[in-house]
Amino acid sequence: MSVIEDIKQLVGNSRLFVDPRKLENRIGGEKRKRRKNTVKIGQGGTLDPLADGVLGNFYIVLHVDTLVIHRGLVVGVGKGTKRLSDFLDCVKEYRTTALLGCETDSYDCHGSRVRDAPWRHVTKGAVEAILDKFRGEIYQTPPIFSALKMDGKPLYEYARQGIPLPRPIERRMVTVHSLDLVDWKGSHHNFRWPEKEFTSDQKTALETALKSDETDPAIQDKPDEQTEEVPTAFVLSMRVSGGTYVRSIVHDLGRALGSAAHVVTLTRSRQGKFTLDPGDGKDKSCVPWDVFEKALEDEGEGDEDGWRAWEKEVLDRLEIVDAQKQ
């Protein structure tokens, strides 16, 4: 993954993560040369590709260095690779825009159209009335087009190859602490369905894979009459437990409304105590990704204590955790 490789360039040459005695010394006024990175780094968790917002934060853990960074990837540094799971289970907040009338294989706008459905009958009141069914402790079925594995094979391979699933996809219980409709865009927006569509062969392969998972896996298009009218979109705000699939909430909501829906925008506004809008002393702000992009181009000179700009940004926001007390 390119993000991990990019971070290695910075982390592997920073005394925040590497014993200063092991780092190469600067020679004269020349910047030290980068040497082959020897710091162990691993990822633990992902976020949807279209997401923005709170996509990363830093932890320095005594005896266990852990770094959380970019696109929701929790990145363990050194011994932190063994403790990644400790930093993934937390409450998260999102804002997401749903577009009605179309389902995609990925449940978002980056996928291909799988099914079209009527959408004009869906009103703001109908959406607000049905949200309560998705609040509290609910069960979710992960998308078949995901990297989750069943008997050693990613689910998306079953779908693409038309191989029946050995058993139904295991549902997961998650907690939706809050779920609200915060903006009804109607047709006043620039979002559109993906142009790429599933072929008949792809639909057949997907139906075959889902035969053991759904009572009626048949993919049936029931589109509204063709017009130039723009499908309805609306924005949801939610506070959920770790492991919740926001895409699945939107997908399932669309079906519950007698339509179809997929995600077109996704912003994480909070991950644990890290938030876009810190409200009190317990909240922490995030290190913008462009801080690291600039450092990758030119780390610059250190201050009087030797800290470079990106390291100071991290120091201002890091959290110290004693691993021996975990």
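The side chain of glutamate 299 makes a polar contact with the side chain of arginine 308, at 2.5 Å. A polar contact here is a pair of N or O atoms within 3.5 Å; within protein, one must be able to donate a hydrogen and the other to accept it, and residues adjacent in sequence count only if both atoms are side-chain atoms. You'll find glutamate 299 in the loop between α6 (289-297) and α7 (309-317). At 14% relative accessibility, glutamate 299 counts as buried, where buried means under 20% relative accessible area, exposed over 50% and partly exposed in between (1.4 Å probe, protein chains only).

Before going on, some ground rules. This is a predicted model, in which local features need pLDDT of at least 70 and side-chain atom pairs count only at pLDDT 80 or more, while totals for chains, interfaces and linings use all residues. Residues are numbered from 1 along each chain as its sequence is written, and side-chain values use heavy atoms, with hydrogens and water left out.

Now the overall picture. The chain has seven helices and 16 strands; helices (H or I, at least four residues) and strands (E, at least two) are DSSP runs, numbered from the N terminus. Of its 326 residues, 48% count as buried. Among contacts between residues at least 6 apart in sequence, 73% join residues at least 24 apart, with contact meaning heavy atoms within 4.5 Å.

What sits in the middle of the largest nonpolar core? This core has 26 residues, and Phe234, Leu236, Met238 and Leu253 have the most contacts inside it. A nonpolar core is a set of buried Ala, Val, Leu, Ile, Met, Phe, Trp, Tyr and Cys residues joined through side-chain atoms within 4.5 Å. At least two residues of the core come from each of β6 (92-100), α2 (124-130), β12, β13 (233-240), α5 and β14 (261-271). Take leucine 236: leaving out residues up to four places away in sequence, it touches Tyr94, Arg95, Thr96, Leu131, Leu179, Asp180, Leu181, Val182 and Leu253. Another core lies apart from this one, with 14 residues, among them Val11, Val18, Val287 and Trp289.

Just after α5, glycine 258 takes a positive phi of about 75°.

His251 also turns up among the neighbours of glutamate 103, a residue of strand β7. Glutamate 103 is buried, with a relative accessible area of 4%, and its side chain makes a polar contact with the side chain of arginine 115 (2.8 Å). Not counting residues up to four places away in sequence, glutamate 103 touches Ser112, Arg113, Val114, Arg115, His251, Arg255, Ala260 and Ala261.

Back to α6, where Trp289, Val291, Phe292 and Ala295 are buried. They cover an arc of only 155° around the axis, which puts them on the same side of α6; the arc is that of the directions from the helix axis to the C-beta atoms.

On to the rings. Rings of Phe, Tyr and Trp (its six-membered ring) pair if their centres lie within 6.5 Å; planes under 30 degrees apart count as stacked, over 60 as edge-to-face and the rest as tilted. By this rule the count comes to three aromatic pairs. One of them joins phenylalanine 145 and phenylalanine 198 edge-to-face, at 5.9 Å centre to centre and 75° between the planes. Phenylalanine 145 lies in the loop between β9 (136-140) and β10 (149-150) and phenylalanine 198 in the loop between β12 (172-186) and α4 (200-209), so the pair ties together parts that are 53 residues apart in sequence.

Charges meet rings too: the charged end of arginine 15 sits over the ring of tryptophan 307, 3.7 Å from its centre, and lysine 153 lies over the face of tyrosine 158, at 5.8 Å from the ring centre. The test is NZ of Lys or CZ of Arg within 6 Å of the ring centre and within 35 degrees of the ring normal.

Finally, a look at backbone angles. Tyrosine 107, a residue other than glycine, has a positive phi near 70°. Tyrosine 107 counts as buried at 14% relative accessibility. Aspartate 151 has a positive phi near 55°, and at 54% relative accessibility it counts as exposed.
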